[in-house]
Amino acid sequence: MQVSGNVLVCDSIDQVGIDSMKHAGLTVHYKPDIRPVELVSSVKDYDVLVVRSRTKVTREVVDAAVQAKIIARVGVGLDNVDVKAAETKNIRVINAPEAASIAVGELVIGLMISLARSIPKADAETKRGNWIKKDLMGTQLSGKYLGVVGVGNIGRNIGRMAKALRMNLIGYDPYPINREFISETGMIITDLNTLLESADFVTCHVPATPETKHMFNSERLAKMKPTAYLINTSRGEVIDENALYEVLKSGKLAGAALDVFEAEPPTNKQLMNLTNVVCTPHIGAQTKEAQELASRVIAEKIIQILRGVI
Ligand code: NAD
């Protein structure tokens, strides 16, 4: 069944979703560089608004979207969409929660190994002509304890991957955790303090909420072992970056890998410049496969909603 309506795609998304929306009968305007002022003035003509992370769907945008039925985020978190404002206007807000979980999981494994074996430093020094083999005594992942904070889609995927690397799993989540996953991986469920005190690697996968803001503050970071590493691929505001700088600088924590930052692009240069910090520019979901899947899933959901199926 064909559907009709105007779709505004505000950020770059994989072509596959655009093609399937057009194929279903929708008129798709692709404006991946649209500025906020142009968005507010033109959004009134659209039934569907599609965004990734760049575009902020503020209350002002929602108020101007007088004929909108759907706001779609081609990704996981909805922190760039004013969901409450949309709900009060009966606009459906949708996302693609599982599309990125393999991509983020694989990045976390890469970051853990980068930290454990100092790969970024080894690469930079070798290319500079410095043979610093004796300074690069690493640590193995096998047999170590991985603490997973937030055992949702991504946290569970990382648990499975880490299990294959023969790591032991500890998990913390205030909400019920999938029982099959626990019995499959043998993850030990505990409170946050015990996890922080016990883990050799801690990886964070919580949503950005008022409760998770600065959940890694100086008090919590002080509970971690001085030999431990912290990895954050969730949202930047989950870590107090100044507190993280202090524990890393003073040797109270061995290292950290950050894909997300309190400000993006990051402004905390003193933290980024530490040699025991590995940084990537929010590339957790940045694989061809994850972007294709997210775009396809979102297009399919939009078509089904407009058909009245879901
Ligand atoms: P999810 O909703 O499947 O899992 C989140 C888990 O966190 C849930 O199990 C929830 O119960 C738990 N949680 C909520 N509050 C908590 C708290 N206070 N303490 C501990 N756990 C808590 O989400 P997901 O798909 O696994 O995504 C996790 C995070 O990764 C999100 O912040 C998302 O925005 C981020 N993400 C980042 C990238 C990237 O490019 N780096 C890509 C995709 C997702």
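Mentor: A polar contact is a pair of N or O atoms within 3.5 Å; within protein, one must be able to donate a hydrogen and the other to accept it, and residues adjacent in sequence count only if both atoms are side-chain atoms. This is a predicted model, in which local features need pLDDT of at least 70 and side-chain atom pairs count only at pLDDT 80 or more, whereas totals for chains, interfaces and linings use all residues. Residues are numbered from 1 along each chain as its sequence is written, and side-chain values use heavy atoms, with hydrogens and water left out.

Trainee: How far does a backbone N or O atom of isoleucine 154 lie from an oxygen atom of the ligand?

Mentor: Ile154 is among the residues that come nearest to the ligand, out of 27 around it (a heavy atom within 4 Å). From a backbone N or O atom of Ile154 to a ligand oxygen, the distance is 2.9 Å.

Trainee: Which side chain meets that of arginine 235 in a salt bridge?

Mentor: The chain is divided into domain 1 (6–97 + 288–306) and domain 2 (101–279), with bounds from an automatic or database domain assignment. Between these domains the count is one salt bridge (a side-chain nitrogen of Lys or Arg within 4 Å of a carboxyl oxygen of Asp or Glu). At 2.8 Å, N to O, the partner of arginine 235 is aspartate 79.
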